[in-house]
Amino acid sequence: YPEGGLVAGGLSQTPTYLTSTNKEEVQNEVKKQIQVFKDNNVDLMICEYYEHVEEAEWHVDAVKKFMPGVPVCASLCINEDSDVHGTPTGECGVRLARAGADVVGINCHYDPFRCLEAVKKMITAVREAGFDKVHFMIQPLAFMTPDASVQGFIDLPEFPFALEPRICTRFEMAKFARMSYDAGIHFIGGCCGFEPYHIRAISEELSKERGDYLPYGVINWGKCLEIHTKPWVRTRATRSYWENLNPGTGRPYSASLSKPDNWGVTAGHELVKQHKRTKQPSWSLKNSELSRQNCSFDLEEIELLERLLIGVADLRTQNLDSANLLLFLKRARKGYFELRARKSATPIEKTKMKRQ
């Protein structure tokens, strides 16, 4: 490997910012992590995955204070328009550079080509602001997300367990790598969904820029297909074939786009604030008169009821409206009676339930 290896320490957004939006509290929390990286002499620090540029600025500032002299990379998980508070993407790049980041860019939440458009805006704004020595980075998803909204792929209905139909091909990844490099982005990697063949495709596409280094297992745009036994497959041993392929999904009724949830929940919102909870509630059912009485509740049912009561208490602290609270209670009631039904079912009935 021509460049050799480097060890990076990593920071990302914290629940402390979402809860308090207080710079001192956030930096005190981050300092605990920074100390570990400082003690182990990492080569560089990567501050990544921030939806709010303000928090990223605070983290970069903290690294600069507590680890002077260590290069700092900073990337946001935002789209080509703005962060979740509406700060324009180009301005976000300038703010990261002004905070002291040596490398700025985008990671996660969006596909390679949307991330590329976002970093291009950063490049323009950062250069216009006079930061000539700042470099640029990009680490996108390996999923196509043209329909993702301001909070990215986590708002898509397929997140997180049904994203496979959106996966990028190795050829799309090679195209992305070339476009990124030509745009002036020289720190190119990947985030969620990336597989080894995606990284290999990036490395293969940029082999000349890296001293003609080729990674192990390259396919050279399908050149190996020249000796395939099927003549029509042999015709696919060209770059033009794979570059112009429009792959099918194999799902005749699948949608090309989805409808994002668009929650719009962000820093300072009651739903994202942390709430302290005691390990054992004072009203624990396990120690109550109910558990000591001669009743039909067994230990598993008591534990279920306790979890439901904790859930209700949590929901009440979040000030949810009565409709949402009622929906939760209906689901809880359904789950409880399903448990009761399983316990009283005959072996044959239990087998049927498992099949359902």
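Reader: Is the crossing of α6 and α7 left-handed or right-handed?
Author: This is a predicted model, in which local features need pLDDT of at least 70 and side-chain atom pairs count only at pLDDT 80 or more, while totals for chains, interfaces and linings use all residues. Residues are numbered from 1 along each chain as its sequence is written, and side-chain values use heavy atoms, without hydrogens and water. A crossing is left-handed if the near helix is turned anticlockwise from the far one by less than a right angle, and right-handed if clockwise. The crossing of α6 and α7 is right-handed.

Reader: Which residues of α7 make the contact with α6?
Author: Helices (H or I, at least four residues) and strands (E, at least two) are DSSP runs numbered from the N terminus, and contact means heavy atoms within 4.5 Å. On the α6 side, the contact is made by Arg170, Met173, Ala174, Phe176, Ala177 and Arg178. On the α7 side, the residues are Tyr197, His198, Ala201, Ile202 and Glu205.

Reader: At roughly what angle do the axes of helix α6 and α7 cross?
Author: Axes are lines fitted to C-alpha atoms, for helices over the stretch in contact, and angles run from 0 to 180 degrees between N-to-C directions. Angles under 35 degrees count as roughly parallel, over 145 as roughly antiparallel, 65 to 115 as roughly perpendicular and the rest as oblique. α6 and α7 are oblique to each other. Their axes come within 8 Å and cross at roughly 45 degrees.

Reader: How many residues of the contact of α2 with α3 are charged?
Author: The axes of α2 (residues 23-39) and α3 (residues 53-66) come within 9 Å and cross at roughly 50 degrees. Lys23, Val26, Gln27, Val30, Lys31, Ile34 and Lys38 in α2 meet Glu55, Trp58, His59, Asp61, Ala62, Val63, Lys65 and Phe66 in α3. Ala, Val, Leu, Ile, Met, Phe, Trp, Tyr, Cys and Pro count as nonpolar, Asp, Glu, Lys and Arg as charged, and the others, Gly among them, as polar. The contact residues are seven nonpolar, two polar and, for the charged class, six.

Reader: Which elements do the buried residues of α4 pack against?
Author: Buried means under 20% relative accessible area, exposed over 50%, partly exposed in between (1.4 Å probe, protein chains only). In α4 (residues 89-99), the buried residues include Thr89, Gly90, Cys92, Gly93, Val94, Leu96 and Ala97. They pack against α3, β3 (72-76), β4 (103-107) and α5 (112-128).

Reader: To which residue's backbone oxygen does the side chain of His109 reach?
Author: His109 sits in the loop between β4 and α5, and its relative accessibility of 0% makes it buried. Among the residues it touches are Tyr49, Glu51, Cys77 and Leu141. At 3.5 Å, the side chain of His109 reaches the backbone oxygen of Gln151.

Reader: How far apart are the C-alpha atoms of Ser149 and Asp261?
Author: Ser149 belongs to the loop between β5 (135-139) and α6 and is buried, at 15% relative accessible area. Leaving out residues up to four places away in sequence, Ser149 touches Asn79, Tyr110, Asp155, Pro260 and Asn262. Ser149 and Asp261 are 112 residues apart along the chain, but their C-alpha atoms are separated by 8.6 Å.

Reader: What is the relative accessibility of Lys223?
Author: Lys223 lies in the loop between α7 (196-205) and α8 (231-234). Its C-alpha atom is separated by 8.8 Å from that of Arg234, eleven residues apart along the chain. Lys223 counts as partly exposed, with a relative accessibility of 43%.

Terms used
Polar contact = N/O pair within 3.5 Å; in protein donor to acceptor, adjacent residues only side chain to side chain.
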